Amino acid sequence: MARIAGVDLPNKAVKIALTYIYGIGRVSAADICKKTNIDPEVRINTLDQDQIALLRKVIEEEYNIEGHLRTEVALNIKRLMDIGCYRGLRHRKGLPVRGQRTKTNARTRKGKKKTVAGKKK
């Protein structure tokens with residue numbers, strides 16, 4: 001099992017296995033395969049150590065991944081909250097940030113329903 005950027009890659013096609021690294025999606029994985037001249041369809045366990053080292057080198061040099069990327073994203077969100085902009089307030093309140101409706105949906109973001117007492121007459 002290959003290990004790149006602290007992530008154990010599963011025995012799948014290279015283009016799929018690379019997406020297990022935070023910060024690398026399908027397009028980035030295809031680009032990495034093209035730069036390293038590795039067939040994207042070949043499975044990870046069939047690669048030799050030189051090819052894995054080449055993958056590791058390209059990823060570390062050209063891509064912002066895993067811990068550093070998570071830190072950067074968290075700092076960006078913290079900055080929005082600190083300056084008090086609308087998006088920062090939405091993050092702070094735990095509501096959807098990108099204009100989605102909240103009257104009916106947004107349960108993932110808002111959490112479990114909180115029952116409000118009915119009106120008394």
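Me: Which exposed residues sit on the face of H2 turned away from its buried side?
Reply: Arg26, Val27 and Lys34. Keep in mind that this is a predicted model.

Me: And which residues of H2 are buried?
Reply: Ser28, Ala29, Ile32, Cys33 and Thr36. Down the helix axis they fall within an arc of 140°, so they line one face of H2.

Me: Why would a spacing of three or four places do that?
Reply: An α-helix has 3.6 residues a turn, so residues three or four places apart point the same way.

Me: What do the buried residues of H2 pack against?
Reply: Helices H1 and H3.

Me: What does Thr36 touch, leaving aside neighbours within four places in sequence?
Reply: Leu54, Leu55 and Val58. Leu55 and Val58 are also among the buried residues of H3.

Me: What happens just after H2?
Reply: Asn37 takes a positive phi of about 55° there.

Me: OK, H3 then. How many residues, and what span?
Reply: H3 runs over residues 49–62, with 14 residues. From first C-alpha to last it reaches 20 Å, close to the 20 Å expected at 1.5 Å a residue.

Me: Which of its residues are buried?
Reply: In H3 the buried ones are Ile52, Leu55, Val58 and Ile59. They sit within an arc of 130° seen down the axis, so they line one face of the helix.

Me: What covers them?
Reply: The cover includes strand S1 (3–4), helix H1 (14–17) and helix H2 (26–36).

Me: And what exposed residues are on the face turned away?
Reply: On H3 that face carries Gln49, Asp50, Glu60 and Glu61.

Me: Switching to pockets. What volume does the largest pocket have?
Reply: About 170 Å³.

Me: Which residues line it?
Reply: Val73, Asn76, Ile77, Arg79, Leu80, Arg87, His91, Val97 and Arg98 line the largest pocket. By class that gives 4 nonpolar, 2 polar and 3 charged.

Me: Which helix gives the most to that lining?
Reply: H4, with 5 residues. Helices H4 (66–83) and H5 (86–93) each supply at least two.

Me: Where does Arg98 lie?
Reply: In the loop between H5 and helix H6 (107–110). Arg98 has 76% relative accessibility, so it counts as exposed.

Me: What about phi at Ala5 and Ala106?
Reply: Ala5 has a positive phi of about 55°. Ala106 has a positive phi of about 70°.

Me: Where are they found?
Reply: Ala5 is in the loop between S1 and strand S2 (7–8). Ala106 is in the loop between H5 and H6.

Me: Buried or exposed?
Reply: Ala5 is partly exposed, at a relative accessible area of 29%. Ala106 is buried, at 16%.

Conventions: Residues numbered from 1 in each chain as written. Predicted model: local features only at pLDDT ≥ 70, side-chain atom pairs only at ≥ 80, totals over all residues. Heavy atoms only, no water. 1 Å grid on protein atoms, 1.4 Å probe; cavity = no way out; pocket = protein on both sides within 12 Å on 5 of 7 lines; lining within 4 Å. Points joined across faces, edges and corners; volume = space filled by probe spheres on them. Helix = DSSP H or I, 4+ residues; strand = E, 2+ residues; numbered from the N terminus. Nonpolar A, V, L, I, M, F, W, Y, C, P; charged D, E, K, R; others polar. Expected span 1.5 Å × (residues − 1). Buried < 20%, exposed > 50% of the residue type's maximum accessible area, 1.4 Å probe, protein only. Arc of directions from axis to C-beta. Contact = heavy atoms within 4.5 Å.
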